[in-house]
Every structure is written in structure tokens, then in C-alpha cells.
Amino acid sequence: MVMQRYLLTYMGVVLALYLHHLVRAIEVPRDPSIQDILLQPPTITKQSVKNYIVDPRDNIFIECEAKGNPVPTFSWTRNGKFFNVAKDPRVSMRHWSGTLAVDFRSGGRPEDYEGEYQCFARNDLGTALSNKIFLQVSKSPLWPKENLDIQEVHEGAPLILACNPPPGLPPPAIFWMSSSMESIHQDKRVSQGQNGDLYFSNVMQEDALTDYSCNARFAFTHTIQQKNPYTLKVLTKHPHNETSFRNHTDIHRARGIAERHPSFMYPTGTSSSQMVLRGEDLLLECIASGVPTPDIVWHKKGGELPVRRFKLENFRKALHIANVSEEDSGEYFCLASNKVGISRHTISVRVKAAPYWLDEPENLILAPGEDGKLVCRANGNPKPSVQWLVNGEPIEGSLPNPSREVNGDTVIFRATQTGSSAVYQCNASNEHGYLLANAFVSVLDVVPRILAPRNQLIKVIQNNRTRLDCPFFGSPIPTLRWFKNGQGSTLDGGNYRVHENGTLEIVMARKEDQGTYTCVATNLLGTAEAQVRLEVKDPTRIIDGPKDAVPKKGTTVHLICRTRYDPTLRLTVTWLKDDTPLFLGNRIKKEEDGLTIYGVAEKDQGYYTCVASTELDRDSARAHLTVLARPERPRDLELTDLAERSVRLTWIPGDDNNSPITDYIVEFEEDRYLPGTWHNHSRYPGSVNSAVLRLAPYVNYQFRVTAVNEVGSSYPSLPSDRYQTNGARPEYNPTGVKGAGTSKNNMVISWTPLNATQVYGPRLRYIVKWRRKDTRESWSSATVEGDVSKYTVTQTPIYTPYEIKVQAENEYGKAAEPDVVIGYSGEDFPSPPKYFRIRQPNLETVTLEWEHPEHPNGILVGYTLRYQAFNGSKSGRTMVENFSPNQTKFILQRTDPISRYRFNLRGRTQIGEGEPSTGESPTLLNEAYTKNQGDIATQGWFIGLMCAIALLVLILLIVCFIKRSRGGKYPVRENKDVPLDPDDQKVDNGSFDYSDEDNKPLQGSQTSLDGTIKQQESDDSLVDYGEGGEGQFNEDGSFIGQYTVKKDKEETEGNESSEATSPVNAIYSLA
């Protein structure tokens, strides 16, 4: 039973092979192991182009390479005859190649080797042919000598300057220059035609300012040939070329040039025809004369110009259609028009075609007994003829082959036999060219071979489609079957599908599909097999991908990418930006869970794709990053609706960079007063792109626009054209008018000048007027130029109010009467502060009080107090306190209970510090007394003592009263040690008034018993802040400082007297 089943299977395979051979030929795989053992006819792999132009300065190489087994040999024909390479010492053939090399280092002329070459590659199975290679040597002939007459032409007439370059190979590139090697400017009036001539639609006088020379550039020899230059003489009615014509709206009429109807200079007449080959580019040209210069428009009769394949060139005078086909045939017409009329020229285009392939013959490999065919179908206009050759000879003259039949463009093979191998050539040709194709027929018998590597391992993702490859070869073509895990049943159908090339396709891989698969190839000559192992893996997935983000420029953004994958596979996570790999650096960093971009910039905008991949599969997720940035600058500013005091400004908005434009800022610049400085003019909503701007007289305006969005401002636009307004009398007077002195006898009147939009006219001046306030004196005045912003009035009294006004005036008149402003002449130093008093209420503080100076001589800006502690001959550091002008009291916190203080107080104006008021703090005796009063007043012994003293004083007063009632007097000098009561000094006879030298204070710190302090010499410099005079203290210990001259001091020097001391003080002084 098993043997019967095997025989049935074998018979089925044989039958299938037989039927299969009837329908398809064998394809030889590119596997080197097969290529090396199979015999193959030659195949041309490389050859030179059909029309081969070489540089005469170089050696010549004509390429021809071929492959085959056995390795082919090469031979050449030249001009249809055998070319004996060995006989020419300059010619050699490369090893293992048919490429010819012609060496001219030892002499020879390249022109001697021009001609038609063809290469033949042969081995035992046939002969392959190359194309016929037409070799030509590049030529760059010199321009023929010629004398060119001066070209006389009337202004407005057409002109053609012929080039007629020497014939070169290949044709040279033409361009026009002057004899001084400057390019000729070309436009729709003057342009170069396709033939190299220079066409003037109408000649203008300025065309004679230069000469014209045609230049030919030869690409192969890298040389330029120059023709003798043309010189133009333009006959005109206006030989001086007045500059006023340049700005005239109709320059031709202004220069007396007659208008001309358009007329075609090339091509001439009303119609022409042109032929072009299929696949080439079509270039149609219409150049017309006329005054004014005509405009050219192109149309196709009965159709449209081919979209995306045509373009207009040479100032719309040329129509260029790329890669023409038969459908581009037809009539094209150009219209030349100016305001005089329209002319039309029709060009009939015929598209011909060199042969082109419909079915190119391909190599045919057959097993013995198989059938096959070679097909050679080509088309062209006219239709090409097809000729078959075998091994380079016409098939009609070859040896008869009963298994071969030629049927027009097809060669049919039936029941081929071993030994029928050959190379067939198909030649399709017409008057415009030819095609040559080689196709070999090889008859093989080969035992089956598996071309795949042994024991392959294939990995696939679960639920994915996969293919197990088993490439094979054999002749006759083997059949292939697949088995799994050694099972006897063939895999085909359901989840499995077997392809003709031997591949087993698994439609959806499942975990149970893992295992070992075996492929078996069988033909009549034998069997071959191979094994493939399949593993099914879990898929890779992105479970949390990046999300769209809209960051601002300069911020940080993080894009998430979290994955799940098969642990047996190696995962790689990469990032793409706009589908190209993303460059990572210090600013863009890939992290474990995503991507972080620091300092986002405009260039970071785009699509970001996270790609998670293994060796088997990949998953991706993308998000769009929209970067909000400052907008692009507005462009194309245009001024319209020009009026006396307004103009309309229109602009084209720039890209908003993803953040809507909220505002437009319009700025202006004028070139008279502050050229190059831009000033704000107005602001408009982001929804508009046009605004009417209010203008000031006599300003040469230039505008620019800046766009603003949430992120910031754009760069300013390029400036608009300038617009000049007419002048008028000023409408504004200067602002900020004020008067202030810089010295005590002047007043500087200053103001803020008018800006550029307030001047309103030329010769701006300022009329400055002033007079003292509250007087009826007449106004004084002065006129200064507009670039001045101050005027100095001299010989003014100190700090006197003035009425001031400044009026603007220009060439057109004066501004309105200005407002009056109050100013002040210069300040001086203030007089000393009044009533400077120094009190010592306790041992911790010293209180200073004063009043404002009697003569401030300006605006009082504050007070400066300098003070210094001293104790006997020792002095401390001078301290400085500054007070506001409203402060008239200061409390000094003492640092110790022993030292005294010297004070120097001055008022301040803007000029500086004035004269001082000086003084010193009270004596320490009074301080101790004040302190002891607070300490012992509640003691019992002190109360008893005070009572005894009071009794003693009472007795003393009684005795004095008795003595006085008796008329007795006390000599002062004898009683100077016991001073009298102060009231006793005021008796009418003055017997108690004296000025004994013994009663003057001693040097140092001597103090009278009533606490009066006399100003004394000191080592410290604080005394120097005063200017003479002595300070005196009141009975309460306060100091009254005053400024006195020397005379006052002398008058009071001898009037000092001793005053009676209270009993308490007397006792305290004895303690």
C-alpha cells in the first residue's frame, strides 16, 4: 500500500512538471554557486554610448564588457569591417574586457580614429553584440575673420545682431558681452534667441552706449571664442537724452518715437512648423518687434498647455515643454500685443519617434524538450522594422534549426534539445534611430539544488504573517513540498500557502506553529531538502506614547514613550523628527520613559515619532510639537491713498509661528532731524493689515511695521517708500519750559524742543520772552535757532521769580501764543539758621532746635549738622547729620555722661551750604545736678540738709535787709567769692555791675555757677565752622546762638558780670 501511494505521488509530480514546462521557462538565480557551474552564453554588461564624442587632448577609451561561462573573448569591427587591434601599436584591449584604449602619448591624431565601432563577445554557446558606437572628436574651430560695419538704426526700429558661431562638436553655448567683458543686460525688449542672435524689439538711444560681441563656449575644450564686436549708431530726434524723459510715463512719445504694430522677427511670417522626437524637449520661440515692446502670450489650439511639463522662458518669448509625447502634437500659437495692436504666429508641431520598446526580448533558459519564445516588439514614428540575428549573423543565413520558427517579431522554440544554445539579437530601426537587444537561449539539465543556508532559524511575532524561504534550482524545474516536525502530510491550505518560488507562507503565526519545517525539491534527476526552525514571539507595543504639545519658545517639554516587549528580544527605542533620525545632544536628551527637549526653539517644531523596535517588529507613536514663537516680520509695505495729511499703509502679514498676531506696531523715520531713528506712530489690532496713518506737515516719512503675538515682537519689516508732506505754521509750542539759575546772577530758560512731526516747516526758531513777576515792566525777548533748547538771561537779582514763555516759529508763521511759566533766577548760599538752641534735659540726650534762615536765598533743600564730642583737650570724631528742609529739631543720644559736644548747623540750597550757627552743650555740673536731683531728692538726710540750708538763707536775707536799710554797700572785689543773686545786679545805681578779669572763665572748661558756658579755645577744628562771636546760655541752660561781627563782640566783652549763685549750687560746688 505504501509503495502504491509513493508511485502515485511520483507520477503526479512528473505530470505536474510536464504541464508546468509548457507554460514557463527556467530562471537562473543570481546565486554565485549556481552562476559558477552553469554554462551561459555571453551577455553585454557595459558599453559606450551610441554617439560618443571625445576630447582631442585625452586618450580614447571605447568600453565593452560582458559576462558568460566560459569567459567571453572580444573582437571589434570599425565601419563594418574587422578591426585588427594587434596591428595598431597605439590600440590595446583591457585584460578580461573588450574595452579599447587608444594612447596618443607617443603621437597620432585622434581624428584618424573617428568612425563606427561595434564589439563582439563570444564563447562556446554564442556571440553577443554591442550597439554601433559612432566615435567623433570634439571640435572648437576659430571664428572666421570679419570686419563688421557700424550698425546704423533709427531709434524705435527693430534690430538683429547675428552671431553665426563656427560649427563645433558639440555645438557651443552662446552668450553676449561687451568688448570690456561686461554682460549685456537682457529683458523683454533685448534678448538672445535660441539660434544665438541678439534681438532688439526696438532700439533706444542708450543701446549705443556699449558695443556687442557674441561669445561661443566649447564645453569639451573649455575654450571661448569671441566674435568681433558690433558698434551701434542710433539716429534719434533727441541726441542729448534729457533726464526728464526717464521719469516720463510714455518715454517713446516723449522722445518722438512713432508707435509700431507688433511684427514677428523670429520666426517670420504668420506660420511655421517644427518637428521634435518623442522623449525630447520641445522649445518654441516667438520674438516680436514693436513700439511699445510687445508682450507674448502662448496657447495651444484645441487644448491646454501640458500642466507641470511646460514653462515660459526668455521673458515669456520661449515655450519649453519637457519630455514630449505624441499627444503634444498640434498647433501652438503665440500672440504679440501692445497698445497699437496684436499679431499672431502659428507653429505646427509634429512629434516623431525613434524606436522604443514595447516588449524587449529577455534571456530564455529551457530544459531539454521544453517550449519557449523570444518576443521583440518596438514602436516608433514611422513604425520601425524588426530584424532578427543569431550570434551576430542574420537569422536567415544561419544553420537550419527545426525546433525554431521566426514569426515577425517573435521566435518560437518547440521541443528544444541540448546543444541549441545561442545568442539572438533583435534590431528595431527607423529613420530616426535603432534599438539593439541581446537575448540568449540556453538549454540545461540540472539536478535539484536548495540554495538557502542549512538549518535556518526564523523568528516571527505572534499573529503576524511570515514566510519560510526555500530557494531552489533545477532543470527541469523541480517541484517543492513542505513538512512539519517530520510528519508525512504536505503543508498546503488553511493557515499555510506554498508559492512557486518555494516559499512557505504562514498567514497568521501562532504559538503552536513553532517547530521544525522541511522543504523537499524534486525533479526527474533527483531530490534535495533543507530544514527551517520557527520561533513565535510576543509583539512589541507602545503602551503610553507621546502627546501633542504646544510649548513656548525657550521652555522645556517632555514627550513620554513607555513600551512592552518580548523579554527574549533586544529592544531599541529611537526617536524621529519629521520621519528622519533625531540628533540628540545637550539640549535634546533621550530618557528611560521618553524624550526631553530643553530650551525649545522654532526649529524643534514638527512631528516626533517614538519607535520601539526589536529584530522582528516595531511599534511607533507620534505627536506634533507646535512651538509658539515670535511672528515673522511683515513684508511688502505699500503706500496708497496719498493725501495732504494722511496715507494708507498696507502690508502682508508674516507667519504667526503658531501664536496669533495680536497687534501691529507702526513706526516712522524721518531724514531731516533724527535720520536713522525710528519713532512709534500707532498701534493696530492683529486682524488688520491696512491702516490710514495721520501725518504731520513737512516730514519725509518712511514706515515700518512690527508684528506682536503672545510670545513677543517680530523683527521690523523692511522700510516702505518715502512720502513727503507739505509745510505749515507750527501748531505746537515747546513743552517743559522752565527757568532756573546756574549761578546767583543768571537764569537759564530751557524747554523740550519740538520733535520732527511738530516742526511743520523749514527754518524753525524759538522766540524766548521773560520779565520779572508782579511787575509791569515790558517783556524782554531773544530768538534762537530750532536746534537750541535753552537760553541764558544774565544780570538777574538773586532768586527772583520771572514770567517766561517760549513760542515756536517757522517759515510759514508762528504758533499760537504760549502759556506763561514761572521761573526763578539763580540761588545763593542761605543765611545761618535762626534761634539755634541747645538743651540738656537729661544725661542721655541733647536737644537741638532752630528756625529757618532769615534769608534762604533760594529753595532750602536741607540742613547739615556737624558735631564733635570733647572732654578737656581730647576731641572725638566729627559726625555729620543731614536733615530735610522741614526739620527744625534734633535729639542727640549721648554716648557717655561726661563728654560735652560742639555743634555747627548750616542751611543748604542747590548752590551749597550757607553760614553756620554754632554752640556747645551745657556743662557737666548741670548734668550732675540734674541727675543727683533725680537720685537723692527722696533721701531723708537730703531733706534735713535742705531745711537747714533754707533756714541759713533766710537768716542771711534778714541780715542783708537790715544792712541795706541802713544804707551800707558791699565792695564787689572783696565779696567776689560769694556771688550775689542775679536780681541784685539790677539795682538802679549799678553798684553790682563789674567786669573784673578775675571773674572771666579760665582756659579749658571753667563754668560759672549758674551754668553759663563761655566759648573757649579748642584743639578741635569744629570752632572753625563758625565765623566769630560767642554763644551765651539762658538761665534754663539753653543756648542762644547768633551770628555777630567783631564789633559786637568788642562791645559785649566788658559787660560780663558775676551772678549770684543759689545756696544749693553753692553747697553742691563745695562737695
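Reply: A nonpolar core is a set of buried Ala, Val, Leu, Ile, Met, Phe, Trp, Tyr and Cys residues joined through side-chain atoms within 4.5 Å. Buried means under 20% relative accessible area (1.4 Å probe, protein chains only), exposed over 50%, and partly exposed in between. Here the largest such core has 58 residues, and those with the most contacts inside it include Ile62, Trp76, Ile450 and Trp482. Its largest share, 5 residues, comes from strand β46 (residues 526–537). A separate second core of 21 residues includes Leu637 and Tyr723.

Me: On what basis are these values given?

Reply: The model is predicted: local features need pLDDT of at least 70 and side-chain atom pairs count only at pLDDT 80 or more, while totals for chains, interfaces and linings use all residues. Residues are numbered from 1 along each chain as its sequence is written, and side-chain values use heavy atoms, with hydrogens and water left out.

Me: Which residues does a cis peptide bond join, with omega about 5°?

Reply: That bond joins Asn381 and Pro382. Pro382 is in the loop between β31 (377–381) and β32 (385–390); strands (E, at least two residues) are DSSP runs, numbered from the N terminus. The bond from Ser475 to Pro476 is also cis, with omega near 0°, and Pro476 lies in the loop between β41 (472–475) and β42 (479–484).

Me: Where is Asn657 placed, and is it buried or exposed?

Reply: Asn657 is in the loop between β57 (646–652) and β58 (661–670). Although not a glycine, Asn657 has a positive phi of about 50°. Asn657 counts as buried because its relative accessibility is 12%.

Definitions and conventions. Helix = DSSP H or I, 4+ residues; strand = E, 2+ residues; numbered from the N terminus.
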